[in-house]
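Please look over the model shown here. The report below takes up its chains, sheets and contacts in turn.

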Amino acid sequence: MSGDEGWDTIVVGAGAGGGAAAYGLTRRGRSVLLLDAGPRFDPSTDYPLSGADWELREFPQKPGSTGQVTFAPGQKLGREPLLASGSRGWGPLANGATRLMDGYRHVRGIGGTTLHFTGEAHRIHPAAMKMKTRFGVAADWPFDYGALEPYYVEAEELIGVAGPATQGARWRSRGFPLPPHPLSYASQTLGKGAKALGLDWQANSRAALSLPWNGRPPCNYCGACNKGCPIGDKGSADVTFIAAALQTGRCTVRAESPVIRIEAGPNDGIAAVLVGRPDGSIERIAAKQVVLACGAVETPRLLLASEGLANESGEVGQNFMDTLFVNVGALHPEPQHSRRGLPSDAIAWDFNAPDAIPGVIGGCRFYNASGEAELGGLAAFALRAVPGWGRDHAKSVRDLWGHALHVGAIGEQLPNRESRVDLDPDARDRFGVPLARIASALAEADIARLRFMVEKSRELLAASGARRIYESYSSWDWFAATHVFGTCRMGDDPASSVVDAFGQSHRWRNLWIADASVFPSSGGGEAPSLTIEALALRTAARMASI
Amino acid sequence: MKRRHLLALLGTFSFGGAAAPWRLVATPLRAPGTREHVTRSMAAVAETMFPGDGLPGAAALGVHQQVLAVPDLQARIAQGMAWLDRHAASLGAADFLALDQAGRLAALDAAFASRDDGIQLFVLTMRDHLGTAYYSTPAIKSAFAYTGPPQPDGFADFQQRPS
């Protein structure tokens, strides 16, 4: 047994939520042990992005940097030609009969999934927090936007978010700390199309520095955020919240330390966490307070594997949501070379409000998706955008290289009872803990929202002059979740939620959750990291006040 | 859509259990002369798929050697080459290598259209591996604008029309 150091709080998971919770606690004088199952990454050596083979390098895989999950069988598909995923060069992605359960995109390690995220920094639409009251779907957040706003400000200041003066319904008590990034040439081209369609195409708010900030350099617009940021301008949790927590001298960070069980104690309290060691042995660490921040897949898994801890409501693992996505690529008559610049640098929020899409509840947003399309390099372009082979193929590659534009859309998925995370009865990890099993099903409203997203993406490309569509991918037939939510829903009623408005377990008074599993609804396509961080800061403030 | 995802997916489709064809071809591949035949045939496939259009072709750059060195592809390559040789024989040629350039192109098109087990997948896999290697070769990339690494310079001209 260890734990002699006597940390005030053990935070499990060193991503957006865990990093922000650790920072929020340590800056208030609390000591924190921050554990993560994955390794440490060194940007200068793990993703330098300066070699000739840069295109073939994705965000690096290291031992333990990806968790194991399994999937329930994919949903049976109807006929939706517009939503089918595939490219002219690679052909169809899925078999057309069932949804391809391809993966849960995440990173385990110090910094978590923020290490490979694009770095959009979004506040949730205020109306999207009241889906039950206003629209009769999903569940309400147990507080209003105003209760979260001060923590958004705190997170934005620490990160150095660059953004425009206003973002419509998302009112602000203070401006973004940094000015917005200039739009890339490709985004300017798309902006002309957006204007023709009457869309408000504006600079996206980004966790990437437009000016030096807190000792970090500004972005140099290399366009490769998803491969890892080697210069440190991207506001991943490792270079922001965790770095700041370490500066207090009250934070201890341990990588490669998977928590495999939460041990309950007397009087509705958590007694300890059990941590797997690389040699296969198990370490018990006594706990005063525990914050779970493993994400909406691993947090419910850990609770369920701990004899159903905190599952008095039966809602642990239920209400799983992943954001709907669309990504459409087309060729423009003029060269764009859209790999230049900040990915997702421009956005249209016009359909983000829950009632903004005609006939469908739940919002979405559109953005320049050239960076996220992973089409930055010549090889990917040649094989995806240009079909066939031979001399005609070679000539087309020469003629068309650099002409690609992508528009993406991300939208809300409403919770349903078929979408959940539970424990796989047949698969276990090396410590004998059952793996998380993900089941995801789209309801008709989700599919209708996806149709709108594809149609509008195509309209935007066409209005921008890019009419030769060569690929289209969507989550209709391709489950490849990056943003996941809802599996430990927060609420005021212990019978229908797992934690309260501050992330505290209704029963276990020293157990807290600070990740996207507490979201009662996913929002209308906003990237969730900033909201996760704001929630975690709010949780930390609450913990420190008790 | 990331390439490694595509490759993972390719691995899940047909080619009816890679172990079986591997057993069938393992011995012939070890026989004297067979390896050379496969190597020369792969060079021909590479050159047919990616001839260069004024740039060096894939075979001249040795791209086929890179793909031949991938252990997981051995069975697939052997099966695909055997199909191409049989197809050429059905046309009266000794083997795929005996076809002229137009004939080789037609043979690849026929393989892609074939419903024979794993043959379309063979073509797609070769296209992906050979094409990725070919268009990642410095000699080819240097002939195209904006193909350098993202770092350390980034793109100072990101707001401007491409030069």
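## Chain B fold

In chain B, 64% of the contacts with a separation of 6 or more link residues 24 or more positions apart. Two residues are in contact if their C-beta atoms, placed from the backbone, lie within 7 Å. The model is predicted: local features need pLDDT of at least 70, side-chain atom pairs count only at pLDDT 80 or more, and totals for chains, interfaces and linings use all residues. Residues are numbered from 1 along each chain as its sequence is written, while chains are lettered from A and ligands numbered from 1 in the order in which they are written.

Chain B has eight helices and zero strands. Helices (H or I, at least four residues) and strands (E, at least two) are DSSP runs, numbered from the N terminus. The order of elements in chain B is α-α-α-α-α-α-α-α from the N terminus on. Chain B holds 163 residues, and 40% of them count as buried. A residue is buried if 20 or more other C-beta atoms lie within 10 Å of its own, exposed if 12 or fewer, and partly exposed in between; here too, C-beta atoms are placed from the backbone.

## Contact between the chains

Chain A brings 43 residues to the contact, and chain B brings 39 residues. On the chain B side, α1 (3-12), α3 (34-49), α6 (101-113), α7 (119-135) and α8 (138-141) each supply at least two residues. The largest share of that side, five residues, comes from α7(B).

What is the make-up of the side of chain B that touches chain A? It divides into 18 nonpolar, eleven polar and ten charged residues. Here Ala, Val, Leu, Ile, Met, Phe, Trp, Tyr, Cys and Pro count as nonpolar, Asp, Glu, Lys and Arg as charged, and the others, Gly among them, as polar.

## Chain A: sheet β9-β10-β11

Three strands of chain A form an open sheet in the order β9-β10-β11, with antiparallel pairing. Two strands pair if DSSP finds at least two bridges between them. β9 (259-264) and β11 (282-286) of chain A stand at the edges with a single partner strand each, so one side of each has no neighbour in the sheet. Neighbouring strands are turned by 25° against each other on average, direction ignored. Axes are lines fitted to C-alpha atoms, for helices over the stretch in contact, and angles run from 0 to 180 degrees between N-to-C directions.

Strand β10 (residues 270-276) of chain A runs antiparallel to β11(A), joined by five bridges. Ala272(A) stands opposite Ala286(A) in β11(A).

β18(A) and strand β19 (residues 434-439) of chain A run antiparallel, with five bridges. Asp422(A) has Arg437(A) in β19(A) as its bridge partner.

Eleven of the eleven residues of α7(A) are buried, so the helix is largely enclosed by the rest of the structure. Among them are Glu298(A) and Arg301(A). Just after α7(A), Glu307(A) takes a positive phi of about 60°.

## Chain A: strand β6

Strand β6 (residues 100-104) of chain A has four of its five residues buried, so β6(A) is largely enclosed by the rest of the structure. Its pairing with strand β21 (residues 478-481) of chain A is parallel, over four bridges. Leu100(A) stands opposite Trp478(A) in β21(A).
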